[in-house]
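This briefing walks through one protein structure, topic by topic, for a reader who is new to looking at such models. Please keep the sequence and the 3D view side by side while reading.

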Amino acid sequence: MTDRTVHCTLLDKDLPGLTFQTYPGELGKRIYENISQQAWKTWMDHQTMLINEHRLSPIDPVHRKFIEEEMEKFFFGEGSEKPEGYVPEDTK
C-alpha cells in the first residue's frame with residue numbers, strides 16, 4: 001500500500017494521511033480525506049481525556065453522540081473544549 005499525504009485541515013499542512021477510515025459514516029469519510037495521522041493521534045488523546053473526565057461509556061448511544069459531536073468540533077469546527085476544572089495528570 002502506498003503512503004497517502006493529505007492537506008490536514010486541523011494542522012493546515014501536508015502530512016501523512018490515515019491508512020484506513022478510522023470512523024464510520026460521512027464523518028469518518030471526511031476525517032479520512034482531510035485529517036493526518038498526527039491530528040488523529042491528538043484527537044485520540046483528547047477523546048480519552050473526555051471519556052475519563054466525563055465518565056463516558058462508548059457503548060451508551062447518548063455518550064457516543066456526545067463524543068461524535070466533540071469529534072466534529074475538534075476537526076472541523078470551533079474546537080473541542082477540555083472539561084471545566086480539568087488538570088492534566090502530569091501537572092497535578
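Which residues are buried in α3? In this predicted model, the buried residues of α3 are Ile-67, Glu-70, Met-71, Phe-74 and Phe-75. They cover an arc of only 120° around the axis, which means that they sit on the same side of α3.

- Helix α3 runs over residues 61–76, which makes 16 residues, and from its first C-alpha to its last it reaches 22 Å, close to the 22 Å expected at 1.5 Å a residue.
- An α-helix has 3.6 residues a turn, so residues three or four places apart point the same way.
- At the start of α3, the backbone nitrogen of Val-62 has a side-chain oxygen of Asp-60 within 2.8 Å.

**Helix α1**

- In α1, the buried residues are Leu-27, Gly-28 and Ile-31.
- Seen down the axis of α1, these buried residues fall within an arc of 100°, so they line one face of the helix.
- The elements that the buried residues of α1 pack against are α2 and α3.

**The nonpolar core**

- In soluble globular proteins, nonpolar side chains tend to be buried together.
- In this model the largest nonpolar core has 18 residues, and those with the most contacts inside it are Ile-31, Trp-40, Trp-43, Met-71 and Phe-75.
- Two or more residues of this core are given by each of the elements α1, α2 and α3, and the largest share, six residues, comes from α2.

**Aromatic rings**

- A pair of aromatic rings is described by the distance of the centres and the angle of the planes.
- The count of aromatic pairs in the model comes to five.
- In one of them, the rings of Trp-40 and Phe-75 have their centres 6.0 Å apart and their planes at 10°, and because planes under 30 degrees apart count as stacked, this pair is stacked.
- Trp-40 lies in helix α2 and Phe-75 in helix α3, so the pair ties together parts that are 35 residues apart in sequence.
- Both partners, Trp-40 and Phe-75, are buried.
- The rings of Phe-74 and Phe-75 give another arrangement, with centres 5.2 Å apart and planes at 85°, so this pair is edge-to-face.
- Phe-74 has a relative accessible area of 13% and is therefore buried, and Phe-75, at 3% relative accessibility, counts as buried too.
- One aromatic cluster is formed by Trp-40, Trp-43, Phe-74, Phe-75 and Phe-76.

- Gln-38 lies in helix α2, and with a relative accessible area of 45% it is partly exposed.
- Although Gln-38 and Pro-16 are 22 residues apart in sequence, they are 7.9 Å apart in space, C-alpha to C-alpha.
- Which residues is Gln-38 in contact with, leaving aside its neighbours within four places in sequence? They are Leu-11 and Leu-15.

Technical notes
Residues numbered from 1 in each chain as written. Predicted model: local features only at pLDDT ≥ 70, side-chain atom pairs only at ≥ 80, totals over all residues. Heavy atoms only, no water. Helix = DSSP H or I, 4+ residues; strand = E, 2+ residues; numbered from the N terminus. Expected span 1.5 Å × (residues − 1). Buried < 20%, exposed > 50% of the residue type's maximum accessible area, 1.4 Å probe, protein only. Arc of directions from axis to C-beta. Polar contact = N/O pair within 3.5 Å; in protein donor to acceptor, adjacent residues only side chain to side chain. Core = buried A, V, L, I, M, F, W, Y, C linked by side-chain atoms within 4.5 Å. Contact = heavy atoms within 4.5 Å. Phe/Tyr/Trp six-rings, centres within 6.5 Å; stacked < 30°, edge-to-face > 60°.
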